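I am opening a notebook on this structure. The entries below keep to what I looked up.

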Amino acid sequence: MATGRTHRPATRSRGIPEATVARLPLYLRALTALSERSVPTVSSEELATAAGVNSAKLRKDFSYLGSYGTRGVGYDVEYLVYQISRELGLTQDWPVVIVGIGNLGAALANYGGFASRGFRVAALIDADAAQAGKMVAGLPIRHTDELESIIADNLVSIGVIATPAGAAQEVCDRLVAAGVTSILNFAPTVLSVPDGVDVRKVDLSIELQILAFHEQRKAGEELGEAVSTARRSVKRPGPDGDLPAVMPV
């Protein structure tokens, strides 16, 4: 079976925009759900709604894949699943190492969606010697002293960092030096990497802060509406006494 080290996705060479690449997993998730329900075809409008994008953007994205659907019929669900999976490199076996097996790292290790999406957790690595040998998700935790040999033995090109912020850059440097060229970073820090190394950052605290901003804005709008309503209902004194703020016609 092909490995992540020797085969790279074709998206860049085919000139697919990064924004389109970022939406392909959304389409794939929606298509996989349709496939599991044995739905044979889907219209661009239905698929766009399921993926949370507009249909014009979806059709433009699919044009980069060379897939235009059939007028009056729509898109073949199974073929699109294969096509998008191929473009994302998910028809291959991608060995992944997770470094940092605390609560978050253990949760990631136990996530069942990796295997069904083309990713195989090859090893769990932690700096705590007391953790070495403990089993998580059917795999023994291995010490960071073994990091380089693990990457070489398993031809790993994707690393997941779930360490505290202070340790993340050192771990990143070691992963890159050992040959890892793609990193998913859960540590709350910005990593510095050389050209040719891709980093995707997942910061849960930032996402929560963004949600807090929207909640605050919604609360402010609700307060503003309440104040406006209260002002409209206040009685204003007239020449003959109190009169309602809005007089009937």
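At what angle do helix α1 (residues 18-36) and α3 pack, and how far apart are their axes? I found an angle of about 105° and axes 11 Å apart. That makes α1 roughly perpendicular to α3. Angles of 65 to 115 degrees count as roughly perpendicular, under 35 as roughly parallel, over 145 as roughly antiparallel, and the rest as oblique. The axes are lines fitted to C-alpha atoms, for helices over the stretch in contact, and the angles run from 0 to 180 degrees between N-to-C directions.

Before going on I noted the ground rules. This is a predicted model, in which local features need pLDDT of at least 70, side-chain atom pairs count only at pLDDT 80 or more, and totals for chains, interfaces and linings use all residues. Residues are numbered from 1 along each chain as its sequence is written, and side-chain values use heavy atoms, with hydrogens and water left out.

**Confidence.** I looked up pLDDT, the predictor's confidence in each residue, from 0 to 100. The chain averages 86, and 87% of the residues score at least 70. Residues 1-13 fall below 50, and this stretch has 34 contacts in the model beyond near neighbours in sequence. Residues 245-249 are also below 50, with 6 contacts counted beyond near neighbours in sequence. Contact means heavy atoms within 4.5 Å. Where pLDDT is low, the predicted coordinates should not be read in detail.

**Overall.** I counted 9 helices and 11 strands in the chain. These are DSSP runs numbered from the N terminus, helices being H or I with at least four residues and strands E with at least two. Buried residues make up 35% of the 249 residues. Buried means under 20% relative accessible area, exposed over 50%, and partly exposed in between (1.4 Å probe, protein chains only).

**Helix contacts.** I went back to α1 and α3. T20, R23 and Y27 in α1 meet K57, L58, D61, F62 and Y64 in α3. The residues of this contact divide into 4 nonpolar, 1 polar and 3 charged. Here Ala, Val, Leu, Ile, Met, Phe, Trp, Tyr, Cys and Pro count as nonpolar, Asp, Glu, Lys and Arg as charged, and the others, Gly among them, as polar.

I then checked helix α2 (residues 44-51) against α3 (residues 55-64), which pack at about 100° with axes 8 Å apart. These two helices are therefore roughly perpendicular to each other. S44, E45, L47 and A48 of α2 make the contact with S55, L58, R59 and F62 of α3.

**Aromatic pairs.** How many aromatic pairs does a search of the whole structure find? I found 4. One of them is Y79 with Y82, tilted, at 6.5 Å centre to centre and 40° between the planes. Rings of Phe, Tyr and Trp (its six-membered ring) pair if their centres lie within 6.5 Å; planes under 30 degrees apart count as stacked, over 60 as edge-to-face and the rest as tilted. Y79 and Y82 are 3 residues apart in helix α4 (residues 77-87), so about one helical turn separates them. Y79 is partly exposed at 43% relative accessibility.

The rings of Y111 and F114 have centres 5.1 Å apart and planes at 85°, so this pair is edge-to-face. Y111 is partly exposed at 44%, and F114 is partly exposed at 22%. I also noted that ring pairs link Y27, F62 and Y75 into a cluster.

**A loop residue.** Is T144 buried or exposed? T144 counts as buried, at 11% relative accessibility. T144 lies in the loop between β6 (139-143) and α7 (147-154). Leaving aside neighbours within four places in sequence, T144 is in contact with I125, D126, A127 and R174.
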